[in-house]
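Colleague: Could you take me on a close look at a single part of this model? I would enjoy one connected account.

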Amino acid sequence: MNNKLLKSTLGTLAIAAAMTVGSSAVFAGADLDKKLVINGETEIVTRTAAPAHLDGALDEIFSGWIFRKDETQTAQMDDFDNPGMIFVDIAQDAWNKVDGSEGKSCASCHGAAEESMAGVKATYPKWNEAAGEVRSIDMEVNNCRTTRMGADAWKLTGGKMTAMNALITLQSRGMPVNVAIDGPAQSMWERGKEMYYTKTGQLEMSCANCHEDNYDLHIRADHLSQGQTNGFPVYRLKNAKLNGVHARFKGCVRDTRAQTYKPGSEDFLALELYVASRGNGLSVEGPSIRN
């Protein structure tokens, strides 16, 4: 059997296997009414009506927290038990540290993160008028580092960037996700939507096949969620570290056996914008804990 035929055969078998898992899975029955209250004081909206732009696709949207096991859910209810908070502490040190040729830290311009970053995560990615483009939080961080601090840019999927994203995200915890999809951001949003529904890879699967058509089912040992990003950055038990949304996108694309996009690329930025908007109305809850 030649390599081309072998690949075709393996791809067909993989697709059949995936379809078998999807069609034979037992409805998992997540506890949709369970409440997430962090530190006994911050109530998180984990279930709400789907935003208008999802009409015909979903009636309700659910945080990925709902689909986790009891012990994982409980760990996220207390910051002392949430391993993601370790990275927030690391980022707090970086926030106050002078770095680069300009002798500045993040705090030099922005002051305390608790004040200046409140509400930021809830609206990102968003259109940056001065730059004439949609930007993610990570892009804004690197812009500050290179143009204002005279410091080196951080790797977008690196530990320093993901930790800083978590620190910024924490300041919006409990606030509703409210990502704008109109105006100059609309074309990028449309691009992300097309990517979300396009089947790719040997398995010929789209984001929607798992996270819209089959959420609340089990695939292998994993309980599929709606793939909402309101909990990112996410501490994953699987790799015992904090993960950014582009790193997770890369893993999902890889799992369809497709050629993945580069973190920070316009493709992943468009997908981030679209997926974030699917969670409009849920609370920002990161850093969260997932499988």
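Modeller: Happy to! Contact here means heavy atoms within 4.5 Å. This is a predicted model, in which local features need pLDDT of at least 70, side-chain atom pairs count only at pLDDT 80 or more, and totals for chains, interfaces and linings use all residues. Residues are numbered from 1 along each chain as its sequence is written, and side-chain values use heavy atoms, with hydrogens and water left out.

Let us look at glutamine 228. Glutamine 228 sits in the loop between strand S8 (222–223) and strand S9 (234–236); strands (E, at least two residues) are DSSP runs, numbered from the N terminus, as are helices (H or I, at least four). Glutamine 228 counts as buried because its relative accessibility is 8%, where buried means under 20% relative accessible area, exposed over 50% and partly exposed in between (1.4 Å probe, protein chains only).

Leaving aside residues up to four places away in sequence, glutamine 228 touches Ile61, Phe62, Val275, Arg278, Gly279 and Leu282. With Gly279, a polar atom of the glutamine 228 side chain lies 3.2 Å from the backbone nitrogen. The glutamine 228 side chain also makes a polar contact, at 3.2 Å, with the side chain of glutamine 226. A polar contact is a pair of N or O atoms within 3.5 Å; within protein, one must be able to donate a hydrogen and the other to accept it, and residues adjacent in sequence count only if both atoms are side-chain atoms.

So, to gather the picture: glutamine 228 is buried at 8% relative accessibility, in the loop between S8 and S9.
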